Amino acid sequence: EIDIKKIQFTFFKIVLNFRNVHRNKKDIVKEADTIEELCDKFVRVCQPNTKNELTYGEIGEICINGPTVMMGYINEDEETAKTLVLHNDGKIWLHTGDLGSMDETGRIFYSSRLKRMIITNGYNVYPIELEDIIAKCPLVSSCTVVGVPHKTKGQTPKAVIVLKDGVEEDLDTKTEIRKYCKANLAAYAVPTEYEFRKNMPVTAVGKVAYRDLIDEESNDDAMG
């Protein structure tokens, strides 16, 4: 059983909220005079939609416990019950809805929102991991992965892709990208659909509006 690590969250002159943890191991914050201790919290990573704690390095839902955790949502008992969960240790843990992993030193590495997770044939697929790998394909400029309905598997990944300049949006290109995915992804994570676009929809702050892509898929499925 993993000992719960006590995490000391830090900030650089401005207070960061809980989601502002390390994006990947290259971004680990080193000890420096400019870093100040903000507060203490207990953190664990659990298998999504359960109370089961995962081992170091495994991706799951980030849960926190401590004196600053909220008491609940006003007049939202159902949402409070989903978010504040009594675990087997007798403590109330806040399920953040954020996916990430913990290393042996207790550092947390943020991955993405739990809502983005795709469950295909019983396997958890994390779009951001697929996006990082597919974006390294020589033909691809950028990629966003969303889940699409599947009759037997529940959902499967779909890759929405912006190609590099000069790359043709044709069947040969799609075939090459599919071969690349099969060579670099687990079989259950290989996208079943590929869509080429000139650009991605973005939010007001310039981030990819993946919810718009999900809504488009939902609307297409309803019309179909």
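User: Which residues touch the most other members of the largest nonpolar core?
Analyst: Ile134, Ile161 and Ile177 do, in a core of 19 residues. A nonpolar core here is a set of buried Ala, Val, Leu, Ile, Met, Phe, Trp, Tyr and Cys residues joined through side-chain atoms within 4.5 Å. At least two residues of this core come from each of α2 (127–134), β9 (140–150), β10, α3 and β11 (193–196). Helices (H or I, at least four residues) and strands (E, at least two) are DSSP runs, numbered from the N terminus.

User: What kind of model is this, and how are residues numbered?
Analyst: This is a predicted model, where local features need pLDDT of at least 70 and side-chain atom pairs count only at pLDDT 80 or more, while totals for chains, interfaces and linings use all residues. Numbering runs from 1 along each chain as its sequence is written, and side-chain values use heavy atoms, leaving out hydrogens and water.

User: Ile177, buried or exposed?
Analyst: Buried, because its relative accessible area is 0%; the cut-offs are under 20% for buried, over 50% for exposed and partly exposed in between (1.4 Å probe, protein chains only). Ile177 lies in helix α3 (residues 171–184).

User: What does Ile177 touch?
Analyst: Leaving out residues up to four places away in sequence, its contacts (heavy atoms within 4.5 Å) include Val140, Ile161 and Phe196.

User: Switching to Thr156. Where is Thr156 found?
Analyst: In strand β10 (residues 154–163). Thr156 counts as buried because its relative accessibility is 2%.

User: Which side chain does Thr156 join in a polar contact?
Analyst: That of Thr192, at 2.8 Å. A polar contact is a pair of N or O atoms within 3.5 Å; within protein, one must be able to donate a hydrogen and the other to accept it, and residues adjacent in sequence count only if both atoms are side-chain atoms.
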